[in-house]
Amino acid sequence: MVETRSSDVLVDDLFLTTLRLRTYVDAQLRCHGLSVSRLRLLRALATTTEPLRMRDLGEALDVAPRTVTSLVDALEREGLVERARHPTDRRAYLLTLTPVGRDLHARAEEIDRTALATATSTLSAAQRATLLDLLATLRAAVPDAPPSPAE
């Protein structure tokens, strides 16, 4: 048997909980032809004040350029995203949501909100506040990762 646990049961439980939440939300979105990855991309484009370059979108989503290209290609084929040439950089495209993409984003956000509300409904207001405080404390204790050699 291959061991996949970390050296800390708390960290394992955090990862397991996050994975379970993501899997649940993804299943709810998939019932409507969506996914967490698609929602994240739609959200990034919907919440920006100006069109995004593919590179900027990839950085915002923290995904590889190839992944962004695949997602954008699929969303463009479905009429949800438009590409336009960058006015000053011939190599770059600017991405925006189409009106259909904006409508889908709004529906996806509602599905996400409902799924997460269901998933967290057993927590009292005090438990939510405590959990938020504990997670913030943990995040603050983790040092920033050093830049990768390519940066």
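Predicted model: local features only at pLDDT ≥ 70, side-chain atom pairs only at ≥ 80, totals over all residues.
Visitor: What makes the length of helix α1 agree with its number of residues?

Guide: Helix α1 covers residues 9–30, which is 22 residues. At 1.5 Å a residue, α1 should span 32 Å. The C-alpha atoms at its ends are 31 Å apart, so the two values agree.

Visitor: Which residues of α1 are buried?

Guide: Asp12, Val25, Asp26 and Leu29. The cut-off for buried is under 20% relative accessible area. Helices α2 and α5 are among the elements that cover these residues.

Visitor: How are two packed helices described?

Guide: By the angle between their axes and the distance between the axes.

Visitor: Is the crossing of α1 and α5 left-handed or right-handed?

Guide: Right-handed.

Visitor: Which residues of α1 and α5 meet there?

Guide: From α1 come Leu21, Tyr24, Val25, Gln28 and Leu29. From α5 come Ala108, Ile111, Asp112, Ala115, Leu116, Thr118 and Ala119. By class, this contact has 9 nonpolar, 2 polar and 1 charged residues.

Visitor: What makes α2 oblique to α5?

Guide: Their axes come within 10 Å and cross at roughly 120°. That angle is what makes α2 oblique to α5. The roughly perpendicular range runs from 65 to 115, and roughly antiparallel starts over 145.

Visitor: Which hand does the crossing of α2 and α5 have, left or right?

Guide: α2 passes α5 in a left-handed crossing. On the α2 side, Leu39, Leu42, Arg43, Leu45 and Ala46 take part. They meet Gly101, Arg102, Leu104, His105, Ala108, Glu109 and Asp112 in α5. By class, the contact has 6 nonpolar, 2 polar and 4 charged residues.

Visitor: How do you know that aspartate 112 is buried?

Guide: Aspartate 112 lies in helix α5. Its relative accessibility is 12%. Buried means under 20%, so aspartate 112 counts as buried.

Visitor: What does aspartate 112 touch, leaving out residues up to four places away in sequence?

Guide: Val25, Leu39 and Arg43. Val25 belongs to α1, while Leu39 and Arg43 belong to α2.

Visitor: Why is arginine 113 called partly exposed?

Guide: Arginine 113 is also in α5. Its relative accessible area is 47%. Buried is under 20% and exposed is over 50%. The value of 47% lies in between, so arginine 113 is partly exposed. Between the C-alpha atoms of arginine 113 and alanine 84 there are 31 Å in space. In sequence, the two residues are 29 residues apart.

Visitor: Why is α2 called oblique to α3?

Guide: Helix α2 takes in residues 36–46, and helix α3 residues 54–61. The axes come within 10 Å and cross at roughly 120°. That makes α2 oblique to α3. The crossing is right-handed.

Visitor: What makes the contact between α2 and α3?

Guide: α2 brings Arg40, Leu41, Ala44 and Leu45. α3 brings Leu57, Ala60 and Leu61. By class, there are 6 nonpolar, no polar and 1 charged residues.

Visitor: Why does arginine 38 count as buried?

Guide: Arginine 38 is found in α2. Its relative accessibility is 14%, and the cut-off for buried is under 20%, so arginine 38 counts as buried. Beyond residues up to four places away in sequence, arginine 38 touches Gly33, Leu71, Ala74, Leu75 and Glu78.

Visitor: What makes aspartate 62 exposed?

Guide: Aspartate 62 sits in the loop between α3 and α4. Its relative accessibility is 71%. Exposed means over 50%, so aspartate 62 counts as exposed. Its phi is near 60°, a positive value in a residue other than glycine.

Visitor: How do you know that threonine 4 is exposed?

Guide: Threonine 4 lies in the segment before α1. At 72% relative accessibility, it is over the 50% cut-off, so threonine 4 counts as exposed.

Note on methods. Residues numbered from 1 in each chain as written. Heavy atoms only, no water. Axes fitted to C-alpha atoms, helices over the stretch in contact; angles between N-to-C directions. Helix = DSSP H or I, 4+ residues; strand = E, 2+ residues; numbered from the N terminus. Parallel < 35°, antiparallel > 145°, perpendicular 65-115°, else oblique. Left-handed = near helix turned anticlockwise from the far one by under 90°. Contact = heavy atoms within 4.5 Å. Nonpolar A, V, L, I, M, F, W, Y, C, P; charged D, E, K, R; others polar. Expected span 1.5 Å × (residues − 1). Buried < 20%, exposed > 50% of the residue type's maximum accessible area, 1.4 Å probe, protein only.
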